[in-house]
There are 4 protein chains.
Amino acid sequence: MFFASDNSGPVHGQVLDLLTQANQGFAMAYGADDLMDEVRARLRDLFEAPEAAVYLVATGTAANSLALATLSQPWQTVFCTRVAHIHEDECNAPEFYSGGAKLTLVGDGDRMTPADLRSAIEAEETRGVHGPQRGPVSITQVTERGTIYSLDQLNAVTKIAQDHGLPVHMDGARFANALVALGCSPAEMTWKAGVDAVSFGGTKNGCMGVEAVIFFDPKHAWEFELRRKRGAHLFSKHRFLSAQMAAYLKDDLWLTCAQAANAKCARLVDGLRTAGAEFLHESQANMVFAALPRSTHERLFAAGAQYHLWGANLEGDNSEEMLTARFVCDWSISETDIDRFLRLL
Amino acid sequence: MFFASDNSGPVHGQVLDLLTQANQGFAMAYGADDLMDEVRARLRDLFEAPEAAVYLVATGTAANSLALATLSQPWQTVFCTRVAHIHEDECNAPEFYSGGAKLTLVGDGDRMTPADLRSAIEAEETRGVHGPQRGPVSITQVTERGTIYSLDQLNAVTKIAQDHGLPVHMDGARFANALVALGCSPAEMTWKAGVDAVSFGGTKNGCMGVEAVIFFDPKHAWEFELRRKRGAHLFSKHRFLSAQMAAYLKDDLWLTCAQAANAKCARLVDGLRTAGAEFLHESQANMVFAALPRSTHERLFAAGAQYHLWGANLEGDNSEEMLTARFVCDWSISETDIDRFLRLL
Amino acid sequence: MFFASDNSGPVHGQVLDLLTQANQGFAMAYGADDLMDEVRARLRDLFEAPEAAVYLVATGTAANSLALATLSQPWQTVFCTRVAHIHEDECNAPEFYSGGAKLTLVGDGDRMTPADLRSAIEAEETRGVHGPQRGPVSITQVTERGTIYSLDQLNAVTKIAQDHGLPVHMDGARFANALVALGCSPAEMTWKAGVDAVSFGGTKNGCMGVEAVIFFDPKHAWEFELRRKRGAHLFSKHRFLSAQMAAYLKDDLWLTCAQAANAKCARLVDGLRTAGAEFLHESQANMVFAALPRSTHERLFAAGAQYHLWGANLEGDNSEEMLTARFVCDWSISETDIDRFLRLL
Amino acid sequence: MFFASDNSGPVHGQVLDLLTQANQGFAMAYGADDLMDEVRARLRDLFEAPEAAVYLVATGTAANSLALATLSQPWQTVFCTRVAHIHEDECNAPEFYSGGAKLTLVGDGDRMTPADLRSAIEAEETRGVHGPQRGPVSITQVTERGTIYSLDQLNAVTKIAQDHGLPVHMDGARFANALVALGCSPAEMTWKAGVDAVSFGGTKNGCMGVEAVIFFDPKHAWEFELRRKRGAHLFSKHRFLSAQMAAYLKDDLWLTCAQAANAKCARLVDGLRTAGAEFLHESQANMVFAALPRSTHERLFAAGAQYHLWGANLEGDNSEEMLTARFVCDWSISETDIDRFLRLL
């Protein structure tokens, strides 16, 4: 009954198998391995972007920070929501990698609206050289609240960025979960929707530790390579990153895992709804924020369920007070576990 | 016949086995996994340092840069040799992580002497607030030229650092290769010899991508954790770093691999000597710099040998001109391969 | 009729006189001049802080950024209001000098309330190593909206900072204007109210370009000196900074100028009120935000008045629409000018 | 008898006069003052560079660091001599402003030779993404040892930079002293000789604290403005920087002062030679490094002479040991003082 995060699950067997297969003899270091050629070709194909620059790193924070640093200047500000991972969960890594850029928080919700973004952009840079300059817009898909930008919402937001000449980055730590929910193509959810660079996550969805960074305009390639090396994120035994990503992409494993995770979350949501939980956001992928009475949480924790209360804690007298919790379903969680949890509920 | 580097070989089977075993169900993320507790305990034990702060990262550059950043201030200068990896091969990562510290190059050789170091230290900071301030001393053991500081040499150098109140970092990307060559204990080669922090390498010696950073004074612990996270080097599925290191340390695998690599290099050196090669440095671990005639290199490359010429290239008319090359023996290279190479020679 | 800013006026004659007097022969460079000794002693005396570390720089942004960098770590966040100069008007200088710290915007108003600050502090660092860590609180006195924290308000806010162990910085670009308005002592408005470091402005109040940075705890002294030099803000011919500040402090010139500026602003406010202006904030020092009809602004600009519309512009059809403008009174503006402006009104 | 530095002398009367004249009423802030228009036009004219981007800052370190940051990337290395001010005397400001670039020390002398530079450039970046990338070349004219690159020497060095596609910066803290010594035009000593950006010093030659930064290619203009503001080097009351530079350029004051300083130094050198001093470098501008017996130094210091021993100190028994000292002649030093010093000698 582990719903604490999708960053704690096991590696999919096919990933481990390919990693094991890749462990034969010597291989060129630093990304010159043959498997990386495969990965690059496969991602370009998947994204219908034959010129795209494609790189691998081992953490989502590295993917986001290096991508944003490449798209920005130190005197700029990056536009993101106030719940963005780059703002709340990366210990100032974007500020570090960008050389001191600022983050401007857009709107109050889980997703930014076009109006929010326009308003935030227009509030900056009315002071010439004095204020922070406008920099990239970073969109999280799936958002940190388990919701998804529809293609229309996405296009509406990137339109505002384009109107102001600003590049768009997508934090796709849960890219696959969003894609299968929307039922669209990777190109439709990225460059066709105005996205310039994407952090394409593998770690949370069956890999060990690998994220691709994709720039649809290859002019960023060499700068990114230098930033990755300078950031100490270039692996010598790079084939073991390549192998993870190659297995992840092979036979649509990435989509299969995401579908599994989303389906399990839907099962969980159904059960929570039946049990009278109140939902903070519509659960559109593999994560749900639900409020349950304090006493219920106490019972669940006592029975061994693992998840995080969200802005709340168990201390307090009112056993019926509703406390919000975040539940995340990893691809690997079993239906048995979910059902056991729901029975407890 | 792969002598290009020890960063290109396979992962040792025992490492892969433990990694596979670790792939069961959910595990606490971000270093809170049980295997990390084992690793920490084992390294503290090995180093006879029960209070040491112990962390894992995935690349040697990350280990070095984060360790040095923790030991220094942005207005300081780090003392290292001119062939140090931190100077030549990290694309300014130490400067980046330290926030703009300088590197002062000490001496002209593969190792710094106490006299070199004293002279370099005393040349800095005679200008009060104007010049760079004196910062940590970074020693590479095994050096980038395949040589090793004896314990006496090490103590003599760290004595100079201590005399000036400067902390000492050891870049131990090939820590195990040095240790087995010296036949001393980890403590003797580090804190007993005046070393404050060590990058303890696994990647080049049988692992996939893991390095420990050890501070003998735990006061650096929390700052290092923040720097690691901010640098995007904190792994969510950390157990797979832990598993590598746990397997590496188990049953002295790390020593076994290093002994193998050193022994193979010795075999290679013997053969090279017999073949009339000239040596630039005494080969003390798993690396040798040897000069051979251009025509010999041509023959070897044609036969499929892989290694790097060093400050030389094949272009040129004189087939008897001696060109230096670097040969590195990984733990995994077979004696058959070495012997085949020597027969070609 | 210049109300655009207090950064555009002339230098007071007494400042220029002392600067001229100081221009005799050779003087020790880099802050070792005799006048600096006087300035240091005088400021320590004024602030009843005999141990304080006292430095001079030439711009307010330098004073703020260097002070905050000294009080913070790169992985922290600085708490300030959303209208703070450090956030809106320094082109990411605080982020640059701090090595990539974040700014957390507190509340929505011109001043932060204790509740705002507590809420902002408690929202940060609930995520251990993942989120930004809590750093210094920066308070602007006079605020960027022309209002002033009363001593009670100040103490209430710094109390929250102290409760969380956070240092407090005061951006006192208009320190003198606030002090004369409150009628308290420098110590009461700073260290007795829980302020650890202050940017003590001279430039906007009769000087040419000089700000003091004062740390009440001298432990920050040497780090600040290194940061100032590394930031290229250490003047060789430092006596000309010292002379400005010495003249500014002599015979209470700083207070005289501030009283003049505040009094002129009060006269302006009275006139604006009579003319039917609407005020956005209570004008407590030398600055006022007032809304007037579009047609009035057109008439005033046409007659040569200089000031900034605030979040508004002259384009539009409705001549009676109220547009807000910022009016700032410098110590040097003449009553004649103000009265001429008011007659135009 | 003040020969300690040319950063400690008074401001020329004409500079102070224009500064005083400029102190009338309100003036546009932040470089939009009329005097800056004059300065820009005058410098473009002097340098025969009608498109040049021209800016003012208050310190030489700011001029150098901001210019180099604009010409470089954080993963590059800047080529300079080991006695360069940017290396020895700026407390890592170039590293700070560039975001962590490295400095590669070229040659061993006071000036770099083309061979030194080629060798240093070719030693870098043979490692692809791993090593620091080649960045700008920074030349100091007058050098820190009082010598001057002839136009031929200058052209030969910049030719090497151009061959490798590297921009060239000139640290001209003593630009005027070099120019009058060479008897060439500003254009000949800069862009006609392959220099892309120059720090054009005023502070050491009669000003209070002002340096121009000139980019011959205006494409750098906006980036420089943002870097200057972010570095806290944009003055609000900018007219007082403009006034200094305007006075400095008016009626060739800058050349007059430099000629005076050089002539006085020549007088000093003659006297030192007569007295048996040994010279370390040919004195070509306003600075000389001369060795005198310990006993002579003791006598001179006792009589009130002020200058710096260079890598030597008075402690020691041998009164006849030759100790090197640096003597700098400021434009303002009187011949009487020099003669008094020479008599003492």
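Predicted model: local features only at pLDDT ≥ 70, side-chain atom pairs only at ≥ 80, totals over all residues.
1. Helix pair, chain D. Two packed helices are described by the angle between their axes and the distance between those axes. For helix α3 (residues 60-71) of chain D and helix α10 (residues 221-230) of chain D, the axes come within 10 Å and cross at roughly 135°. Because angles over 145 degrees are needed for roughly antiparallel, α3(D) counts as oblique to α10(D). The crossing of α3(D) and α10(D) is right-handed.

2. Residues of that contact. Helix α3(D) contributes L66(D), A67(D), A69(D) and T70(D), while α10(D) contributes E223(D), F224(D), R227(D) and R228(D). By class, the residues of this contact of α3(D) with α10(D) are 4 nonpolar, 1 polar and 3 charged.

3. Sheet, chain B. Chain B has an open sheet of 4 strands, in the order β8-β9-β11-β10, and the pairing is antiparallel. The edges are β8 (278-279) and β10 (308-309) of chain B; each has a single partner strand, so one side of each is left without a neighbour in the sheet.

4. The β9 and β11 pairing. Strand β9 (residues 287-293) of chain B and strand β11 (residues 322-328) of chain B run antiparallel and are joined by 7 bridges. In this pairing M287(B) stands opposite V328(B) of β11(B).

5. Helix on the sheet. Helix α13 (residues 294-302) of chain B packs on the sheet and touches β9, β10 and β11 of chain B. The direction of α13 makes about 115° with that of β9(B).

Note on methods: Residues numbered from 1 in each chain as written. Chains lettered and ligands numbered in written order. Heavy atoms only, no water. Axes fitted to C-alpha atoms, helices over the stretch in contact; angles between N-to-C directions. Helix = DSSP H or I, 4+ residues; strand = E, 2+ residues; numbered from the N terminus. Parallel < 35°, antiparallel > 145°, perpendicular 65-115°, else oblique. Left-handed = near helix turned anticlockwise from the far one by under 90°. Contact = heavy atoms within 4.5 Å. Nonpolar A, V, L, I, M, F, W, Y, C, P; charged D, E, K, R; others polar. Pairing = 2+ DSSP bridges.
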